[in-house]
Amino acid sequence: MSSSSPEAPTCPNPSLEQLEQEARTRGLLLRLQVSRPAGLAWGLRVGVARRDGERLLLLGELKGWALPSARGLRLDTMRVQAGDDTAALGPLIWAATFAWALEATPCLQATILAIRDSDAQHRRLVRYFRGLGFAPLRELAAGPADLAPRLLWGGSGLLMRADCAEVLRRSVRRLGGLDGL
C-alpha cells in the first residue's frame, strides 16, 4: 500500500507535552488556558509568548471552544504578531490546539469560519485553511436561516470543517524541526 506522505505511517502525532517542550527549545512559552463552566463545554485560549526581561511578550493566540461531541471543536480568533522569527508561531499554535482537542476532548473534527470582511482577505483565509486541511462546509450569508449561526460566529463567510488529526499532522509538518517527536 502506498501513501502520499512517506512519514505518515511512522511518525505519530506529538502530544501537547512534546509541543510545549518544542516551544521551550525555541525560546518560547506555550500555554493553554482551558475553562469548563458547569462541565458542559470547554473554553480554550492558546497563547505563545517570549520572555522579554522580566515580562512576557504575547506573540500569538487562538481562541475557541469545544462541545462534548466528535464534531465539537469550534475555532474563532487566531492572531499572530508579525516580526522576525515568528514563522513557527502559527503552526505551533495550531498543533497545540489540535493535540489538546485529541487528548482532552471527544472532538475529532473542527469547524472554523473563513470570515468575509473583504473578498481578498476571505480568499486568503480560505486558501490558508485549505492548506491546514479544512474543507468547505457551507456558506453563511444573509438568509434568515443563517441569522443564528452568523450571530454565533460573528459574521458571514464560509464555514469549513477538518479532521483534527490531519490538521495536527499538517501543522507539525509546517512547524518542522521536530526530529525527536
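Mentor: Start with the side chains of Thr 77 and Asp 76, which are joined by a polar contact of 3.3 Å. This is a predicted model. Thr 77 sits in strand β4, residues 73-80. Leaving out residues up to four places away in sequence, Thr 77 touches Glu 61, Leu 62 and Lys 63.

Now the strand pairing. Strand β3 covers residues 55-66 and pairs with β4 in the antiparallel sense, over seven bridges. Across that pairing, Glu 61 stands opposite Arg 79 in β4. Helix α5, residues 164-175, packs on the sheet and touches β4, β5 and β7 (157-163). The direction of α5 makes about 90° with that of β7.

Step back to the sheet. It is open, with seven strands in the order β1-β2-β3-β4-β5-β7-β6 and mixed pairing. β1 (29-35) and β6 (135-140) are the edge strands, each pairing on one side only. On average, neighbouring strands are turned by 25° against each other, direction ignored.

Helix α2 lies across β1, β2 (42-52), β3, β4 and β5 (109-115). It runs at about 160° to β4.

Next, the core. The largest nonpolar core has 42 residues; Leu 73, Leu 75, Phe 98, Phe 129 and Phe 134 touch the most other members. Helix α2 (residues 89-104) gives the largest share of this core, 10 residues.

Last, confidence. The average pLDDT is 88, and 91% of the residues score at least 70. Over residues 1-10 the pLDDT is below 50. Where pLDDT is low, predicted coordinates should not be read in detail.

Notes:
Residues numbered from 1 in each chain as written. Predicted model: local features only at pLDDT ≥ 70, side-chain atom pairs only at ≥ 80, totals over all residues. Heavy atoms only, no water. Core = buried A, V, L, I, M, F, W, Y, C linked by side-chain atoms within 4.5 Å. Buried < 20%, exposed > 50% of the residue type's maximum accessible area, 1.4 Å probe, protein only. Helix = DSSP H or I, 4+ residues; strand = E, 2+ residues; numbered from the N terminus. Polar contact = N/O pair within 3.5 Å; in protein donor to acceptor, adjacent residues only side chain to side chain. Contact = heavy atoms within 4.5 Å. pLDDT = per-residue confidence, 0-100. Pairing = 2+ DSSP bridges. Axes fitted to C-alpha atoms, helices over the stretch in contact; angles between N-to-C directions.
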